[in-house]
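Hi everyone, thanks for coming. Please have a look at the model on the screen, and I'll walk you through a few parts of it.

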Amino acid sequence: MKAVELVEEKIETKKQMFLTGGQAVLEAFLEEGVDTIFGYPGGAIMPIYDALYDYNDRLKHILVRHEQGAIHAAQGFARVSGKTGVVFATSGPGATNLVTGLADAMIDSTPVVCITGQVFAHLLGTDAFQEIDVINITTPVTKWNFQVTDATEIPAVLAKAFYIAGSGRPGPVLIDITKNAQLQQFEYERYEKCNHIRSYRPKPIIRKKYIEAAAALINNATRPFVIFGQGVILGNAEKEFKAFIEKAGIPAAWTIMGMSAIPTNHPLGVGMLGMHGNYGPNVLTNECDVLIAVGMRFDDRVTGRLDKYAKQAKIIHLDIDPSEIDKNVKTNVPVWGDCKETLPMLTALVEQKNHTDWHQKFKDYQLKEDEKCIGPELNPTTDELTMGEVIKLLNELTNGEAVIVTDVGQHQMVACRYAKYNNSKSNITSGGLGTMGFALPTAIGAKFGAPSKTIIAIAGDGGIQMTIQELGTIMQFDVEIKILILNNQFLGMVRQWQQLFHEKRYSFVGITSPNFVQVAKGYYIEGQKVSEREKLKDALQTMLQHKGSYLLEVMVGKENNVFPMVPQGKGVSEIVLSKEEI
Amino acid sequence: MQKQEFTITVYTENQIGLLVRIAIIFSRRKINIDSLNTSPSEIDSVHRFTIVINETEDVVRKLCRQIEKQVEVLKTYYNNNDEIVWQELALYKVPTDIIAEEVKVERLLSQHGAKAVVIRKDYTVFEVAGHREETDNLIKVLEPYGLIEFVRSARIAIIKNSEGFHKKLKEFEYREPGEVATENEFLNQNEEVFSM
């Protein structure tokens, strides 16, 4: 009798827990603080979805209408919240539909973990139904990927996945799990978060010597210029960054990805860099004596022609990714490290300055741009509406508090040029990959990442049609998104280039649209269309005040162009303010 | 900057798929890999890739940084030919009767340091370890005598001034590695940094 009791006790203290692979995935999510999953089920991921049935109270699953929508939504979630977005997709076509989003997340450094189902391990390589070599397809567009064929690997692999996706320079991670591993029962011990992989160093060592060298350059500079990118936002270093530029008194311009890291009305903010950026920042890049690049990667859309880029300047580059140093632009002082740590060190060493004369130069260029570009765009005298005046009204109505998710094209450039932001993580756009169709699904994810914010998806008539099926997701989950379509009846950016560089040979850029308001109505989403200036403000107000999602289509001028522009193959100081200058 | 031969040495974890990750860093930039070898290293669990390409140093440095960025790569080095000791192994299959008949051939083979690996009635296989030119030369020599088959291995290389990877690995296993990941050409040029 006694012996039997003892045995029972032993079993109890050991507390064996058996889980399936599918359950282990969801346990890992809970341990990592995941609460929202964007996904689409299918044959090879069914065991995970079966497990999800019992986790419904702790994990919210948003059923999208296309896997690309799922990963864009996860990107939107990640970009507004700073957390890692999570995606489920099945094998084969489910997995290949993720590729665009993975590439977008890779180039824009967005932390996303994708779980794809895969056929049974014994079927790998047999061209089984919905089998695709997702690991090799996604290798160039993931920070890390891994195929799991045995359930016991799941806790450790997922811990690694979340650690890699979110640490250092973030990026997308894909874990492919064969169906047998999802079904397999195994003895689950516990989940251990990963915080060290010996072959992976998320943050390079900071070397004081270079901080000192950088500070010396800055202190001796008479025309220093700061350019910053998304690194400031990803590093949660907005405060540190502001402290740095405010003490050193240096004018600062943002890349499209760095936008909103400081409020757009910050006195030291001089505007946007790049092809359609502001006049002063582009021209004066070639007049500054020290160029301080913070968390940005010198994209070709920012630098224009490299052999005409800031040749006169000493260049300081702060970046967490060592491979970015000297990649496109040769650096005089490389400051490796997380800018949240390096910026305060630099701030401590720089002298308090004003650089008043230098700031005046930016203001002078601003006046020229106001006169030739900004004025006519924001206060047009023509009958046709401009995209700029829509954004201007939107600014007035939102007071810079909304999160704006843009698609890709002319409206994206106009929105980024003119939208006002008070808060970081408010400008969500596809900067690196330029993915049309990005806005609508990304906005859905953004709403889940920042539920208290007004989320406005701005898209063109082309881009919205690429992912318009996600209206179904909005309908089913009652997501509150404001959808603003700026319709110029053209694929406007391509048309602009054809006009300027291809003798106006408009080759397949005229695009017809459905009745967007009717389409929205079909999804039980309210909406209206305006084309008159007098009705615009009311329409925007109605959109913003409407309880629930709303679609507003604004008809704008058909052949308006975005200026200023750094024509391709030209240097940044060769930026032009009108088409006559090209 | 002139193109020249560089040997890239990559210390990695042993992970399926890593070969592809490394290979696409080159193919994406349309750079041809002249030779690629994977092998164990001086450390049990650590693998060693040896990659030979013909490129400018600037390009090679950038490639190494991209390789080192991969999660499973521990460390990447690049060296020019003066900084390494290297060998390639070549095998030659020749009809045995010709070698037996022509004394000259045997003399040529020994001059080139060839060693017989297999001798059969119908053919003999010789091996030569050496640099590219040496193994190439022997092809020319053997061709008139009916060279049946030829194959050459990838380059393997030892870095002359390397202390091996044991110490480095210890640093990596530590939470905070003791040395930076990347080199910069301004590293030892303080005057450059301050010359305003």
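I'll start with some ground rules, then go through chain A and finish with chain B.

This is a predicted model, so to speak: local features need pLDDT of at least 70, side-chain atom pairs count only at pLDDT 80 or more, and totals for chains, interfaces and linings use all residues. Residues are numbered from 1 along each chain as its sequence is written, chains are lettered from A and ligands numbered from 1 in the order in which they are written, and side-chain values use heavy atoms, with hydrogens and water left out.

Let's begin with chain A. Helices (H or I, at least four residues) and strands (E, at least two) are DSSP runs, numbered from the N terminus. Is helix α2 of chain A mostly covered or mostly open? Mostly covered: of the eleven residues in 21-31, eight are buried. Buried means under 20% relative accessible area, exposed over 50%, and partly exposed in between, with a 1.4 Å probe and protein chains only. Among the buried ones are A:Val25, A:Leu26 and A:Phe29. Just past this helix, A:Gly33 has a positive phi of about 80°.

Next, the open sheet of chain A. Six strands line up as β11-β10-β9-β12-β13-β14, with parallel pairing. Two strands pair if DSSP finds at least two bridges between them. At the edges sit β11 (269-272) and β14 (333-336), each pairing on one side only. Strand β10 (residues 252-254) is joined to β11(A) by three bridges, and A:Ala253 has A:Gly271 as its bridge partner there.

Now over to chain B. Here four strands form an open sheet in the order β2-β3-β1-β4, with antiparallel pairing. Its edge strands are β2 (35-40) and β4 (73-80). Ten bridges link β1 (residues 4-13) with β3 (residues 46-55) of chain B, and B:Tyr11 is partnered with B:Arg48 in β3(B).

Last stop, the surface. Which residues make the nonpolar surface patch of about 360 Å²? They are B:Leu89, B:Leu91, B:Val117, B:Val118 and B:Val151. Patches take residues with over 30% relative accessible area and no salt bridge, joining like charges within 9 Å and nonpolar side chains (Val, Leu, Ile, Met, Phe, Trp, Tyr) within 5 Å. A salt bridge is a side-chain nitrogen of Lys or Arg within 4 Å of a carboxyl oxygen of Asp or Glu. B:Leu89 lies in strand β5 of chain B, and it counts as partly exposed because its relative accessibility is 38%.

Definitions and conventions
Accessible areas come from the Shrake-Rupley method with a 1.4 Å probe; for residues, only the protein chains shown count as cover.
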